[in-house]
Structures are given as structure tokens and as C-alpha cells.
Amino acid sequence: MSIDQPVLAALEAQAIELPSWAFGNAGTRFKVFSTPGTPRTIQEKLADAAQVHALTGLAPSVALHIPWDLVDDFGALSGFAQDLGVRLGTVNSNTFQDDDYKLGSLTHSDPRIRRKAIDHHLACIDVMDTTGSQDLKIWLPDGTNYPGQGDIRARQDRLAESLATIYARLSGAQRLVLEYKIFEPYFYTMDVPDWGTSYAHVSALGERAFVCLDTGHHAPSTNIEFIVAQLLRLGRLGSFDFNSRFYADDDLIVGAADPFQLFRILVEVIRGGGLEAGSPVRFMLDQCHNLEEKIPGQIRSVLNVQEMTARALLVDLDALTAARDAGDVLEANHVYMDAFYTDVRADLADWREGRGLPRDPMAAYRASGYGERIVAERIGGQQASWGA
């Protein structure tokens, strides 16, 4: 089995947004590790992200995190990005690093703190107005550690009210995308712990509110592709945060822990029209590179998504339908596995070469000398890091 023209045509439209924070220093709960050549400014993050796109053709936009990427002139930053060959994408809010938010932000019992959190999101929409970004993504860290600590129902009521205020500020094609996470930083309840809670809130908001699915934010053994299929069926899957996990929210290179899961997810994305023109689904990475080099880490991730997308597009739908209709369980599974085990790397290398891209982006990056140059040039200043 090899990649044919319809598959290549489908791959042409694929775009995977990079997170600005993936190019900063990261670490564990105990330490953030420093790496030579790490960006000190959002402009240097964008320059590094532009390298990924130049070598892969897959990453034309970069997500911002406010206030980590705060600048005085976002119009100028947008122009700077365009000069590098990329654009500014999703704007991510942050309500997990301010002392006021220790016991909650959008769900806090204190109206003053809720208003502060709302105003932060309105400021993020101001950034979107300037950059032309479409999505405001909210990952809400609010929750509780102990039974009785908070009123579970009242927190949901306050969240609904806060989100409605933020949603009302959106204009044009702007969207609100609500992420969910089963645990962390709180361990008894999270106020948006699962896709159902996110779906309930965005459905109440309106047609421009969607769910963001982070592949690392689920309980062990969760069937993520079922969630993907359901949200696509309901028309509420707005975006992915692609990463990989072994135990919890590990934020590793996508596909590292379970390539077959990534394949199964992308089969459902394709089945649900997620690659078609006009689809509401956006693809983004959300990773922190603790040990590996950051730019190669992002290159490897976007290539992994592309490879598994190509394999998913090779599923023989006619044969699959026939096996299902005949009740042939093993044959239906075989059709899946046949596509999954197909080695598409040489075909994708040919595809890249045909577009004027390097056949091997990882080798091309090594040969470019870019990594050595930024190590030599980025001396002094404050390195960007998780939380900075």
C-alpha cells in the first residue's frame, strides 16, 4: 500500500499550530532546566517556530500565552511573525499563576477575583482583535483538594456566568474554546474535569464555543477516539492539544507513548470531516521539552502527526464497511491494522521534496547550523521558561 493522489491532496491542507511555550525552558514540578540558546523574547520564540515551518511546511501559526508573551505592540508582533513566514494563532489565557487565584479564578466565590479573571480574558480578546487570531483558549485550573472545601454546584453556576460574560465580548469569527483536565493542580475536583462538562458549558454559550481536547488530560485507559467521534458528531470539537502521556499530563512528543492511539484518533477525525475545508477543528501541539532539544522536538512532533494522518487516510473504507456489514470482526480489525502498519515515510519524503522541502527535516535542521548559531548569539538576558 502506498500514498495515492487523494491522500496527498488531503495532506496538503494539514496545518499544526505550535505553542510558543514549547521553545522556552521547561522541567518538572521540582526544577525548570536551563538550555543554551533558549529564546529570551517572544520574537526569538517565533524565529524558532519559523524554522519548524520552513523545514516541514506543516506549522504556519504559533499560539500565544498571555501574559507570558505580552508585548506593547501586538500589531508589530504580527508583522514580525509574517516576515518570518508564520502567523499568530490561538491566544491562551492564564489564571494559574496569580496569588489571587489560589482558590479559583472564574469560579471563585469572591466577585472581585472573578471580575479580575474575566477582565484578563477580555484583555486576551483585545489581543485577538489586533492579531486577527480566531480562538481564545481557556484551560481553567480551578478546583478543590478536599471534600467540603467548595460548593461544587455553586462553582459551576459561577463558571457559567463568567464564561457567558467573556463569550459576549467575542466578535466576528472569534471563538471560545474550553479545555478540560481530569486533575491537576487540584486533586478532589476540577471545575472542568472532562469533555462532558466542557460540552455542557460551551453548548449553553452559543455556536461559536467549542471543546478543546488535550490528549494528555484523561484518566488511564480512556478511549479518546470515542470522545473525538462524539464531539465531531455533536459539532463541538474545536481543537486538539496534541502531546503524549505515559502516566498523567506528561506533555511529551505526540505519538511517543502510543502511536496506535494517535492513529485511531486521526481515523475518527477523518471520518468526522475534521480535515475537510471549513472544518471547525484546529490542530495544535501542547508540549514542554524538558530533556530533548526544543526545535527538533517540535519538528518530530509535527512529522509524527503527519505520518499518522497519512496512515489513517489509507484505511480502506469500502473493505471496512463490507467487513462490518458481514459481521466479520477480525477482517474489520485487519483493515485498520493494515493501514496502521503501512510505512509511509518514503512517500512523505517524496511529497516534501516535491514541495521544495527537505526530505529529512531533522537532518536538514542539524545541517543548517541554526542551533549552534542561537547558542552563540543568545547570551545574557532572561531565558523564557514555563511560568515566565
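Me: What do buried, exposed and partly exposed mean?
Reply: Buried means under 20% relative accessible area, exposed means over 50%, and partly exposed lies in between (1.4 Å probe, protein chains only). At 80% relative accessibility, serine 221 counts as exposed. This is a predicted model, where local features need pLDDT of at least 70, side-chain atom pairs count only at pLDDT 80 or more, and totals for chains, interfaces and linings use all residues. Residues are numbered from 1 along each chain as its sequence is written, and side-chain values use heavy atoms, with hydrogens and water left out.

Me: Where does serine 221 lie?
Reply: Helices (H or I, at least four residues) and strands (E, at least two) are DSSP runs, numbered from the N terminus. Serine 221 is in the loop between strand 8 (209–214) and helix 7 (224–234).

Me: Which residue does a cis peptide bond join to glutamate 184?
Reply: The partner is proline 185, and omega is about 10°. Glutamate 184 is in the loop between strand 6 and strand 7; proline 185 lies there too, between strand 6 (175–179) and strand 7 (189–190).

Me: What is the form of the peptide bond from isoleucine 66 to proline 67?
Reply: That bond is cis, with omega near 20°. Proline 67 belongs to the loop between strand 2 (61–65) and helix 3 (74–84).
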